[in-house]
Amino acid sequence: MNTINKTDAVAGILFILIGLAFGAQSLGMELGTSLRMGPGYFPLVLAGILILLGGCILASSFKSIDEEMTAHAWRGMMFILPAPIFFGLTVRGLGFVPSIFFTTLIAALASLKMKPLAALLLSVGVTIFCTLVFSYALGLPFRRFGPWLSFLGM
Amino acid sequence: MDLISNLTLGFATAGTPENLLFCLIGVILGTLIGVLPGIGATATIAMLLPITFQLEPVSSLIMLAGIYYGAQYGGSTTAILINMPGESSSAVTAIDGYQMARKGKAGTALAVAALGSFFAGTVATLLVAIFAPPLTIIALKFGAAEYFSLMLLGLVSAIALAHGSILKALAMVVLGLLLGMVGTDIYTGTPRFTFGITAYADGLNFVALAVGVFGIAEILKNLEGDQDRSVLTTKLGSLWPSRLDLRRMVAPMLRGTALGSALGILPGGGAILASFASYTVEKRLSKTPEEFGHGAIEGVAGPESANNAGAQTSFIPLLTLGIPANPVMALMVGAMIIQGVVPGPNVAAEQPALFWGIIASMWIGNLMLIVLNLPLIGLWVKLLKVPYHILFPVIMAFCSIGVYSVNVNVYDLYAVAGFGLMGYVLMKLRCEPAPLLLGFVLGPMLEENLRRAMILGRGDPTTFLTRPISATLLVMTLIVLVVVLLPQVRKKRAEVFSESD
């Protein structure tokens, strides 16, 4: 009878931890009075509410039935999340064109169905399209080829 | 008459060839992305938002409105054709729409959805034009205490939007509020929760949050199975509804429009509430309730009209009070602020061309949808057949460029990855992202008005109760909270949502 709903339990604990993190940081700031609230006042109240709600969710997880969790997208996380980070790290140095090419390529690797050649072709296509649309047509102020490639004479 | 001269100004603004073109591009792009399975209106707008930043404020907001209608229609298309509603508001459409499609009446279902939406959109646009100006006058009487109470009402109503647990939805609202606190404190200039990164001193980027939590989290979820989805293989069937179909859809359409217009004004997910309410009403009024769930045309016409009417009238609180009624409107606020327009009662007085231009463009956007999309349905169906593993790298490239182009700040790209992960984890834990986004947008406004109200009230918290408008709003908040938590309503809610799954 006493099964634990793991989804709810984890959610509850997560909310409590986030609440504690925000709360601890708020205490480091000036709290002020309720007449003149300092920067820490409102966040501290919110953190308290979040901890309370997290506690309620955790408590309710003991009374409900467990649910099956779907598969985790490990491969997806491994390639999708680094894509924008890579773009951020290289868009200034490498420039827009090579940076968006590799960003698309990295993202394309997230699916097992993508064959290497298809991924390459797709990335080339996306790069040409994006360069035409964003750089030439919309005129976004990006350097097409950055300083890291200056040795190539571009 | 004021109304006519105002509407003339609006149509003159929205009707310039340039703005018509942007509206058209918006509708096409919106439908294009919105028709992708699993991507709803909110995610679509979040992804396309950065494209509009290069334009003039009026054109940009008109294009956004176009994207919005396109995305909504795209969502209904996937709901009908492959039973995959991108957003909870088109979940109701999927119940009977998909059944109609399985019976070979997909074309009719799509046409009924489009016609119902257009009719509702026309009526609701007129309502916005009539009621927005007088409401701005009331809005000018709002002080800090009233704003605080109204936002509280909006946030609490937002939990009606969420599918699952009410506690989790509340927690997501609070988490959103906390994330909204990141950045420099407006009164003292103290940096808060920035981890010493000066790039976050202006607060977390709203577009980064929206794209991460909606767009990227959604992609990750779709990659879980990494399997093909089944696209409807049967024929679309005839597009044009038969005379009998038309006769059957009139009454539900009218009722849906009325319900949607009324509920859409409520802050916090009026449109979705309206489509569920309309479905329930139609089922109850129908002489053949057993047909519902098996392809009843009333079950498509009513909720689609209600949904669209609600979507339209939810512009009223945005344009008059500057308070977004749902996540899409929250995105609109974000876009307006980036364009240097502060949403609120002053917009109508100070920028009449912008104000009336947006209202007129709502109707134009709806018209374009029906002219454009009915003939193009075949094309959208083909698009549904493009394999997902080709689509998502393209989406990722657009997201990266889009987020970066907002502020040309690379930290926003790191934030996108972080929010994507956060959104995915929360989604796995069955916490819906919509209340979080609403909390994030309202957070800074909520705090500012709370602090101002307390200073004006000399530190006396009863100021919220002694001011009549504020007290009324707080009582309404309490009623909403009690109603949602009532055991019968909870059971009913669970039933409605499970029916749509």
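Which elements of chain B each supply at least two residues of the lining of the second largest pocket? They are α7 (144-158), α8 (166-181), β1 (183-184), α14 (327-338), α15 (346-350), α17 (388-407) and α19 (433-456). Helices (H or I, at least four residues) and strands (E, at least two) are DSSP runs, numbered from the N terminus.

This is a predicted model, in which local features need pLDDT of at least 70 and side-chain atom pairs count only at pLDDT 80 or more, while totals for chains, interfaces and linings use all residues. Residues are numbered from 1 along each chain as its sequence is written, chains are lettered from A and ligands numbered from 1 in the order in which they are written, and side-chain values use heavy atoms, without hydrogens and water.

**Pocket and cavities**

On a 1 Å grid over the protein atoms alone, a cavity is a set of points where a 1.4 Å probe fits but cannot get out; a pocket is an open set with protein on both sides within 12 Å along at least five of seven lines; lining residues have an atom within 4 Å of a point. Points are joined across faces, edges and corners, and a volume is the space filled by probe spheres set on them.

| Space | Volume | Top contributor to lining |
|---|---|---|
| Second largest pocket | about 1,300 Å³ | α19(B), eight residues |
| Largest cavity | about 80 Å³ | α17(B), three residues |
| Second largest cavity | about 60 Å³ | α16(B), four residues |

**Core**

A nonpolar core is a set of buried Ala, Val, Leu, Ile, Met, Phe, Trp, Tyr and Cys residues joined through side-chain atoms within 4.5 Å; buried means under 20% relative accessible area, exposed over 50%, partly exposed in between (1.4 Å probe, protein chains only). The largest such core has 186 residues, and A:Phe96 and B:Ile401 are among those with the most contacts inside it. Helix α16 (352-384) of chain B gives the most, with 16 residues. Domain 1 (6-60) and domain 2 (74-152) of chain A both contribute, so the core lies between them; domain bounds come from an automatic or database domain assignment.
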